[in-house]
Amino acid sequence: MNHIRIFRQNIPIHILLLVAIEYIVMLMGVYFAHRLRFLGADGNVLSFSDIQVRAHIYALTNLVCMIAMGVYRPHTNEGLTGTLLRSLVAIFLMGTVLLSSAFYLFSSFELFFGRGVLALASVISLLLVTVIRWVFRGLLGASALRWRILVVGAGTRALHLKNVLESLGEKKQM
C-alpha cells in the first residue's frame, strides 16, 4: 500500500514523507537564522524553547503556502526548476506577507520574527528545500512524482492513444 487516505484523497507516501522532511527543514531554518542573526549579541539571544512556537508557525505557514502554490502536485511536468520557482514564490512572497501581516493583526501573540531573522530563515529554508528536493528526485527519480495511469482497452481508441503517447516520447512508460 503506497497511499494514505486523508480527507477522502489518496496521497502517496513519498509525498507525505517529503512534506514531513521539508517541515523539519523549515524548522531548522528558523533556528539557524536566529542563531546567525544574533551571533555576536549576548542579551538578545533566545533559547530554542522561546522560538519554538514561532518556528512552528513559520514552517506551517510556508508549508500551507507551498501546498496552495501546487508544489506537491504529482502530475506536474515542470521538473525541479518549476517546483523550486513555486517554492520561491510561496516562501518569499506568500509566507513573508502572511507572517508580517499576522504580526500586526494579532499583536497579542508572540509572532514577531524581525526582518533579519525572517529574511535569513526564508533564504536558509529555500536552500535546504532545494537540496532536499534534489536529493529526493535523485533517489526516487523524476517519475516518482508523476501520475501513473492504466488504460485498459484493445480497440481502435486504445491503438490511437498508444500512437499518441509514442509520438510524445513516452515509450518507456508503456
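This is a predicted model: local features need pLDDT of at least 70, side-chain atom pairs count only at pLDDT 80 or more; totals for chains, interfaces and linings use all residues.
The protein has 5 helices and 2 strands. Start at the N terminus and the order reads β-β-α-α-α-α-α. The protein has 174 residues, and 31% of them count as buried.

Now the core. In soluble globular proteins, nonpolar side chains tend to be buried together. Here, the largest nonpolar core has 30 residues. Six of them stand out for having the most contacts inside this core: M26, V30, Y58, M66, Y72 and F113. Which elements give two or more residues to the core? They are α1 (13-37), α2 (52-68), α3 (79-105) and α4 (115-140). The largest share is from α1, with 9 residues.

Let me pick out Y58. Set aside its neighbours within four places in sequence. Y58 then touches M26 and V30, and also I91, L99 and F113.

Next, the packing of α1 and α2. Two packed helices are described by the angle between their axes and the distance between the axes. For α1 and α2, the axes come within 9 Å and cross at roughly 135 degrees. An angle over 145 would count as roughly antiparallel. At roughly 135 degrees, α1 and α2 are therefore oblique to each other. The crossing of α1 past α2 is right-handed.

Which residues make that contact? On α1, they are V19, E22, Y23, M26, L27, V30 and Y31. On α2, they are Q52, A55, H56, Y58, A59, L60, N62, L63 and M66. By type, the contact divides into 12 nonpolar, 3 polar and 1 charged. Note that M26, V30, Y58 and M66 take part in this contact. They are also among the residues with the most contacts inside the core.

Last stop, I124. This residue sits in helix α4. Is I124 buried or exposed? The cut-off for buried is under 20% relative accessible area. I124 has 17%, so it is buried. What does I124 touch, leaving aside neighbours within four places in sequence? Its contacts are G29, F32 and A33. Look at the pair I124 and G29. They are 95 residues apart in sequence. In space, C-alpha to C-alpha, I124 and G29 are 5.3 Å apart.

That is the tour. Questions, please.

Notes:
Residues are numbered from 1 along each chain as its sequence is written. Side-chain values use heavy atoms; hydrogens and water are left out. A nonpolar core is a set of buried Ala, Val, Leu, Ile, Met, Phe, Trp, Tyr and Cys residues joined through side-chain atoms within 4.5 Å. Buried means under 20% relative accessible area, exposed over 50%, partly exposed in between (1.4 Å probe, protein chains only). Helices (H or I, at least four residues) and strands (E, at least two) are DSSP runs, numbered from the N terminus. Contact means heavy atoms within 4.5 Å. Axes are lines fitted to C-alpha atoms, for helices over the stretch in contact, and angles run from 0 to 180 degrees between N-to-C directions. Angles under 35 degrees count as roughly parallel, over 145 as roughly antiparallel, 65 to 115 as roughly perpendicular and the rest as oblique. A crossing is left-handed if the near helix is turned anticlockwise from the far one by less than a right angle, and right-handed if clockwise. Ala, Val, Leu, Ile, Met, Phe, Trp, Tyr, Cys and Pro count as nonpolar, Asp, Glu, Lys and Arg as charged, and the others, Gly among them, as polar.
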